[in-house]
Amino acid sequence: MMRSIFDSTQALILIVDDMPTNLEVVSVALNDAGYDVSIATSGERALLQIERRCPDLILLDVMMPGMDGFETCIQLKANSRTAEIPVIFMTALADVDHKMKGFEVGGVDYITKPFQEKEVLARIKTHLRLKHTEDRLERILNSLEEVVWSITLDPLRCLYLNPAVEKIFGRSADDFLQCPDLWFELIHPDDREWVKTAFRGSEQNHDIELEYRILNIDGNVRWLKVRAQANSYDTTQYRLDGILYDITDRKEVETQLLHTAQHDSLTGLQNRRLFIENVNKLLKQAQLKEDLQFAVLFIDLDRFKNINDSLGHHYGDKLLTEIAKALKDIVRPTETIARIGGDEFTILLANIHHPNDAIQVAQRIEAKLKVPMDLGGHAITTTASIGIAMGSARYKNADELLRDADIAMYQAKRQGKAQYQLFESEMHAKVLHQISLEQDLALALEREEFLLHYQPILDLESEKLLGFEALVRWHQPERGLVSPAEFIPLAEESGLIELLGEQILRQACQQMNRWQTEYRGISNLTMSVNISSRQLHSPNFLNMLDAVLSETGMSGQALKLEITESLLLGDDPELLEIFYALQKREIQLSLDDFGTGYSSLSYLHRFPINTLKIDRSFINRMESDPQSYAIVKTMTTLAETLDMDVVAEGVETSSQVVLLKALQCNSVQGYFFSKPLPAVQATEMLATLPQRESAVLGLS
């Protein structure tokens with residue numbers, strides 16, 4: 001069982017005095033009080049006895065022959081084994097100088113001769129209690145994982161450090177006590193000065209709380225948290241008492257969480273949030289340095305959805321990862337790259353000298369993407385549309401700069417993709433116009449403001465009416481007549497095309513059913529309606545179509561749906577199922593603008609197409625361009641071979657009519673015969689059909 005010096009029956013008191021009378025008086029009093037007592041008649045003998053057995057407290061006479069009490073105490077305190085033993089001086093000298101010297105050499109108290117027994121016992125008991133408390137505190141401090149410390153700053157001295165310091169720094173407490181400069185030398189160079197400043201300022205603020213880095217003995221970085229308080233040390237200086245925690249693990253978790261919050265999990269690139277922060281920092285620098293030039297590139301992959309849909313999301317993710325690697329190879333390591341959306345990337349080019357520098361990066365990206373990428377057995381090439389916006393102090397924030405780069409990217413995409421565009425202020429005005437137009441478009445759909453005009457389609461040989469193509473028109477109350485070339489692409493981009501397409505289909509079917517009811521002899525006429533790719537791919541398309549036919553009372557035999565040639569690109573079994581479902585409903589299919597979509601002829605025979613419509617661009621050039629004439633001839637021959645009808649679009653001159661008859665083209669439509677007619681004029685034309693059944697319908 002561990003001996004407790006707080007228990008007086010177990011405490012050993014050493015009495016050192018050269019006067020036998022004093023030894024006897026004190027010994028008897030201590031023995032009577034239950035203490036264990038040993039005696040020495042000189043300083044030299046006391047030191048020898050202590051070597052054999054350490055007492056818990058020493059009563060030490062000051063005035064002794066040979067080694068006096070002060071010298072004896074000095075030697076005791078110089079020995080680490082005995083330095084902590086409390087020493088109470090005994091003396092008949094009551095002057096202040098002697099007492100001060102006793103405290104200076106390490107004494108804890110004075111007992112004045114002649115002795116008062118109660119005073120001696122009281123002082124011994126008090127200092128044993130104090131020693132017991134100090135020992136307990138020492139054991140507690142030594143068992144702590146945290147570093148407990150005390151230092152002075154001017155001069156820098158370590159007053160106390162518990163052993164936990166070695167676990168963190170790899171240096172012992174003695175290293176710091178012997179070389180106080182280590183305290184600041186081991187602070188990370190990037191943190192050292194501001195930590196020194198904070199420590200020195202503690203004399204005014206009294207309390208400090210810091211988090212900073214150190215380099216331990218292995219050179220590893222560790223994070224510390226320090227809480228300290230300034231306290232008066234003596235009349236000339238303060239000391240700092242504090243606790244130091246190792247928070248490296250917490251910081252690593254915080255760093256990982258921060259990295260996760262600021263980076264894309266798939267590619268490891270920065271995400272939108274961090275990219276915006278970095279751009280904002282550069283914009284602040286631009287406010288102070290007007291000649292600072294930088295640029296943001298907004299990159300959107302072309303046809304990424306096709307790759308994702310055809311090969312699957314696994315390969316789509318692989319492609320995005322390879323794109324990220326490619327971008328890293330192209331730009332300098334100091335440049336900022338981010339993935340801000342599905343297939344959207346951004347690059348921040350800092351400290352460039354001219355817009356051409358940004359353009360060259362865009363060109364390198366385009367060239368890099370043309371090189372096939374191996375995605376686990378699939379060699380994939382892709383292209384990108386890139387928008388470039390030059391940064392300057394005129395931008396208030398990063399969102400504005402990113403917006404303009406995005407606008408430029410969409411301009412590149414509209415102009416054919418696989419290219420770059422440098423942002424110009426006119427683009428922003430155009431986008432604002434587009435946004436306003438989109439809002440008006442949505443409102444027009446709610447109000448059903450769209451009207452149809454009907455362009456006759458004629459049999460070229462007999463000049464009889466075969467049907468109409470329904471063409472949408474929008475007369476916006478404030479803008480006037482808005483061109484379909486402007487609002488149809490916008491409806492496609494905004495997703496409003498499905499609702500618009502349904503309104504067009506319903507209106508066209510209602511009109512045809514009205515004509516079929518009112519006029520006999522036109523049951524063989526057909527109504528051609530354009531259908532977008534987005535409509536066809538809608539899961540509700542066939543249900544919507546059936547509902548419109550049922551509501552309007554129109555037969556499927558009288559309906560032709562016109563699709564674009566680009567729909568036939570690729571292998572889409574779902575689309576083929578829809579085509580055959582239309583065939584079962586006796587709805588015909590026309591391939592619109594044939595010759596412009598570059599579809600493979602090997603695909604053409606697989607689809608139940610009834611009619612090929614030759615694009616007007618070939619018809620307009622066939623008189624002056626032998627190649628266009630040859631293309632039209634090939635198309636008519638192809639249609640005959642595949643047992644399809646053929647319609648020449650955009651016929652405007654009599655000479656075109658002659659050439660088309662020579663090529664045995666089935667049918668025609670165009671301004672030479674009639675422009676698209678409002679429903680009232682088309683109805684008037686139908687009213688005269690029985691009398692002019694074989695006449696050319698040359699309405700202007």
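1. A residue counts as buried when its relative accessible area is under 20%. In this predicted model, Trp474 has 0% relative accessibility and therefore counts as buried. Phe450, at 4% relative accessibility, likewise counts as buried.

2. The model contains 16 aromatic pairs. Phe450 and Trp474 form one of them, with 5.3 Å from centre to centre and 45° between the planes, and this pair is tilted. Phe450 belongs to strand β18 (residues 450–459) and Trp474 to strand β19 (residues 465–476), so their pair ties together parts that are 24 residues apart in sequence.

3. A further pair is formed by Tyr454 and Phe468. How are the rings of Tyr454 and Phe468 arranged, edge-to-face or stacked? Their centres are 6.4 Å apart and their planes stand at 80°; because angles over 60 degrees count as edge-to-face, the pair is edge-to-face. Tyr454 lies in strand β18 and Phe468 in strand β19, 14 residues apart, and the pair links these distant parts of the chain. Both residues, Tyr454 and Phe468, are buried.

4. Aromatic rings also form a cluster elsewhere in the numbering. Ring pairs join Trp149, Phe169, Phe176, Trp183, Phe184 and Phe199 into this cluster.

5. One further point concerns a charge and a ring. Which residue has its charged end over the ring of Trp223? The residue is Lys251, whose charged end sits 4.5 Å from the centre of that ring.

Key: Residues numbered from 1 in each chain as written. Predicted model: local features only at pLDDT ≥ 70, side-chain atom pairs only at ≥ 80, totals over all residues. Heavy atoms only, no water. Phe/Tyr/Trp six-rings, centres within 6.5 Å; stacked < 30°, edge-to-face > 60°. Helix = DSSP H or I, 4+ residues; strand = E, 2+ residues; numbered from the N terminus. Buried < 20%, exposed > 50% of the residue type's maximum accessible area, 1.4 Å probe, protein only. Lys NZ or Arg CZ within 6 Å of the ring centre and 35° of its normal.
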